[in-house]
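This report covers strand pairing, helix packing, nonpolar cores and cavities. The sequence and structure come first.

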Amino acid sequence: MTGDGIQVVESADLEEAIRAGERQPLPAAIAVLPLQDMVAYPDTLTPLAVGRERSMKLVNDVLSGERTLVLVASRDPELEEPAPDELYDVGVAGVVARMLKVPDGTIRILVQATERVRLGDYISREPYLVARIEALPDEVEPSPELEALTRNVQRTFSEIIQQIPYLPEELQLAVTNIEEPSALSHLIAGALRIATEEKQALLEEVDVTRRLRRLSEILARELEVIQLGSQIQSEVQSEMEKGQREYYLREQLKAIQRELGEEDETQAEVNELRERIAAAKLPEHAQKAADRELTRLERLPSAAAEYGVIRSYLEWLVELPWSVTTTDDLDISHAREVLDTDHYDLEKVKDRILEYLAVRSLNPDSHGPILCFVGPPGVGKTSLGRSIARALGREFERISVGGVRDEAEIRGHRRTYIGAMPGTIVRALRDAGSRNPVFMIDEIDKMGADFRGDPSSAMLEVLDPAQNDTFRDHYLDLTFDLSEVMFIATANTLDTIPPALQDRMEVIQLAGYTADEKLHIAKRYLVPRQLAENGLRGSGVSFSDAALRAIGDEYTRESGVRNLEREIGSVCRKIAREVAERGRSTSRAAGRSSKRRLTVSAKRARELLGRRRFFSESRRRTKDPGVATGLAWTPVGGEVLFIEATAMPGSGKLTITGQLGEVMRESAQAALSWVRGHARRLDPDLPEDWFAEHDIHVHVPAGAVPKDGPSAGVAMAVALASLVSGRPAASDLAMTGEVTLTGQVLPVGGLKEKSLAAQRAGIKTVIVPDRNEGEILEIPEHERAALDFVYVDRIEKALEAAIDGAARSGGSRG
């Protein structure tokens with residue numbers, strides 16, 4: 001305990017202090033020594049250490065005078081020099097029995113408290129407090145209750161002494177020998193470690209019976225707390241002893257197993273993981289995580305729920321290729337040979353890969369490109385990724401993200417979830433076995449988003465060269481460097497890819513194939529592959545060019561070659577069946593047939609595939625006035641679009657059908673407005689009220705397919721002009737372009753896909769806006785050779801080529 005904020009020192013001779021107290025009567029006014037966080041009681045010795053100048057002055061003056069003072073507790077134990085109103089009103093008077101000066105400059109005193117006093121007016125505050133005092137004697141009324149309370153307090157305090165180590169056993173003897181109730185209460189209250197407020201309340205209580213009753217309640221409470229603490233300590237000690245016993249038994253079991261040459265299964269797993277971690281050559285941050293988790297694993301029993309979670313985590317850590325790379329094959333001629341062997345044409349993509357190899361050979365630290373191949377289905381986007389990996393000498397992994405709606409599929413789940421596992425990126429790295437593979441992210445335009453997150457947003461970090469060197473998977477919770485990975489994404493359209501994700505990729509457009517390109521691809525790749533798959537390799541079966549063209553033109557209509565290969569495979573299967581049936585009829589005949597060469601002609605291909613499925617619709621549909629052939633772009637390639645217009649008696653209403661979008665409807669309205677404004681030029685004999693007396697219906701088959709966009713404006717204007725003039729449009733001519741009310745023809749996109757669609761439909765001439773001439777010139781020359789392009793800047797020139805040119809036999813379209 002402390003006096004005036006100073007620590008207590010050892011007590012002096014008790015007998016001398018008592019004799020000194022008996023010799024000193026109490027004056028009317030006395031010096032006041034404040035106590036911090038302690039209360040002194042009558043009939044007790046209070047050792048104090050005094051260090052502040054003000055308190056030392058008080059002690060020196062007291063010792064040179066009557067040696068008496070008053071000890072009063074402070075209401076706020078944090079105050080070093082409390083004011084009178086910050087002290088309690090009741091304290092104890094006492095005599096300084098002994099004083100000792102120590103080398104550190106402080107004073108040790110021993111005060112014999114004699115009686116309780118109430119403080120009155122303070123007559124001095126400097127250099128220390130001096131107050132008038134009034135004695136507060138005890139009120140004792142002997143009774144059976146007082147006797148019972150006295151015995152109860154003695155018994156309870158004796159039990160407390162036996163369980164509290166800081167109370168000496170001699171105190172129990174002293175308590176037992178004290179018969180006076182007030183002195184007993186003072187001794188016990190001074191020995192207890194209770195709140196200052198409770199101690200002060202006991203001091204201020206002059207009725208001894210009430211004081212003992214309150215003290216009895218406090219002792220009962222303290223005893224209950226002590227017993228509960230002892231019980232808790234006993235249980236903890238029991239658990240510790242049980243754990244120590246199990247530990248010693250396990251250690252003995254391990255020693256026995258070592259002597260017998262056996263090994264604990266759990267320890268064997270830990271040792272195996274430790275060896276794998278050492279062999280994995282983890283980076284520093286991953287090594288720290290592995291060591292930390294391995295230490296936790298060693299301390300857990302194998303039956304613990306977290307044991308399997310930590311083991312799975314460590315297995316993922318050691319299986320990842322943290323330091324494993326493959327050496328790039330930087331031979332540009334070899335890469336060109338591989339790419340040409342696997343794919344026909346696609347020069348833009350091949351040039352980009354060769355450029356990367358050239359840069360890599362000059363700067364080995366350059367990051368891998370992030371490419372996005374955009375094109376219709378079946379043009380070889382996915383297979384091109386495999387060829388690139390083979391040309392570079394890298395591992396190849398394909399990741400399909402079509403239909404993925406959960407962000408955790410990319411970044412993984414946190415280990416707090418049951419069944420958590422890494423995301424697609426980390427799993428693909430594990431499967432690749434190297435940190436610089438070629439990743440093909442397929443169908444990136446078909447990712448979705450829902451309440452579980454947006455996976456396209458997670459892809460932003462993966463496909464950003466400035467961020468993916470610190471990619472963090474939620475399951476691993478460690479950074480992994482993806483900067484050496486070559487990412488190649490594929491998509492059918494850019495419309496559904498967020499702009500921020502598009503900005504991180506180098507987009508390369510892959511257009512559909514022309515008829516000649518399909519012929520070359522079929523001869524070099526598709527036919528040999530289907531002959532091998534159907535057991536006809538070396539059997540002498542081949543396809544003529546006419547047969548391949550017939551299959552492509554009459555049985556497929558696509559930008560790629562997927563359906564073409566499917567139909568070639570169908571022909572090969574039917575031939576294989578014939579060969580097998582002839583072999584069962586006679587082995588000799590089968591031997592001769594296996595040596596005989598068989599060339600599939602166009603006629604034979606039609607016999608095997610059945611009726612023709614696709615026809616060139618342009619001539620059949622454009623023989624009547626009011627019909628024009630337009631061209632449209634779709635995510636799967638170009639399409640021929642027929643615009644049909646008809647008139648009937650009515651009130652001048654325009655009807656538009658064919659499931660057209662708002663932009664396409666506006667194009668039809670603009671085309672009709674232009675035709676009405678120039679009707680007399682189209683047909684001088686047209687009555688002036690013709691439009692007022694006729695309803696016009698514009699229809700665009702097929703009605704079940706949604707259509708939109710401004711590029712059909714020219715075709716709509718030509719169809720309406722053909723209807724009004726009564727002259728049909730040319731049957732071998734198609735057109736594309738946006739039209740304005742003033743008759744201007746504006747540029748559009750997708751010219752290559754549209755030109756390929758025109759070739760497939762048997763179109764010979766295509767009308768395009770003159771501002772698209774540069775895009776037309778980018779189409780390879782051999783693809784442009786089959787079409788005659790007419791460049792127009794006004795609708796009058798388009799009408800001249802489409803309607804007037806159709807009326808002239810052998811006329812030139814410029």
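## Strands β10 and β11

S400 has D442 in β11 as its bridge partner. β10 and β11 (residues 438–442) run parallel and are joined by 5 bridges; two strands count as paired if DSSP finds at least two bridges between them. Helices (H or I, at least four residues) and strands (E, at least two) are DSSP runs, numbered from the N terminus.

The model is predicted: local features need pLDDT of at least 70, side-chain atom pairs count only at pLDDT 80 or more, and totals for chains, interfaces and linings use all residues. Residues are numbered from 1 along each chain as its sequence is written, and side-chain values use heavy atoms, with hydrogens and water left out.

## The parallel sheet

The open sheet holds 5 strands with parallel pairing, in the order β10-β11-β14-β9-β15. Its edge strands, β10 (396–400) and β15 (506–509), each pair on one side only. On average, neighbouring strands are turned by 20 degrees against each other, direction ignored. Axes here are lines fitted to C-alpha atoms, for helices over the stretch in contact, and angles run from 0 to 180 degrees between N-to-C directions.

## Helices α15 and α16

Helix α15 (residues 424–432) lies across β10 and β11, at about 155 degrees to β10. Helix α16 (residues 455–462) is mostly covered, with 6 of its 8 residues buried (under 20% relative accessible area, with exposed over 50% and partly exposed in between; 1.4 Å probe, protein chains only). The buried residues are P455, S456, A458, M459, E461 and V462. They pack against α14 (408–411), α15, β11, β12 (471–472), β14 (486–491) and α17 (499–503), where contact means heavy atoms within 4.5 Å.

## Nonpolar cores

A nonpolar core is a set of buried Ala, Val, Leu, Ile, Met, Phe, Trp, Tyr and Cys residues joined through side-chain atoms within 4.5 Å. The largest has 65 residues, among which L71, F157 and I188 touch the most other members. Helix α7 (residues 208–260) gives the largest share of this core, 7 residues. A second, separate core of 53 residues includes A286, A290, I370 and L429.

Not counting residues up to four places away in sequence, L71 touches L33, L35, A40, T46, L48, G91, V92 and V111.

## Cavities

The whole structure contains 3 cavities of 30 Å³ or more. A cavity is a set of points, on a 1 Å grid over the protein atoms alone, where a 1.4 Å probe fits but cannot get out; lining residues have an atom within 4 Å of a point. Grid points are joined across faces, edges and corners, and a volume is the space filled by probe spheres set on the points.

The second largest cavity has a volume of about 50 Å³. Its lining consists of G652, K653, L654, L672, R676, F691, H694 and I696. The elements giving two or more residues to this lining are α24 (662–677) and β21 (694–699).

Conventions. On a 1 Å grid over the protein atoms alone, a cavity is a set of points where a 1.4 Å probe fits but cannot get out, and a pocket is an open set with protein on both sides within 12 Å along at least five of seven lines; lining residues have an atom within 4 Å of a point.
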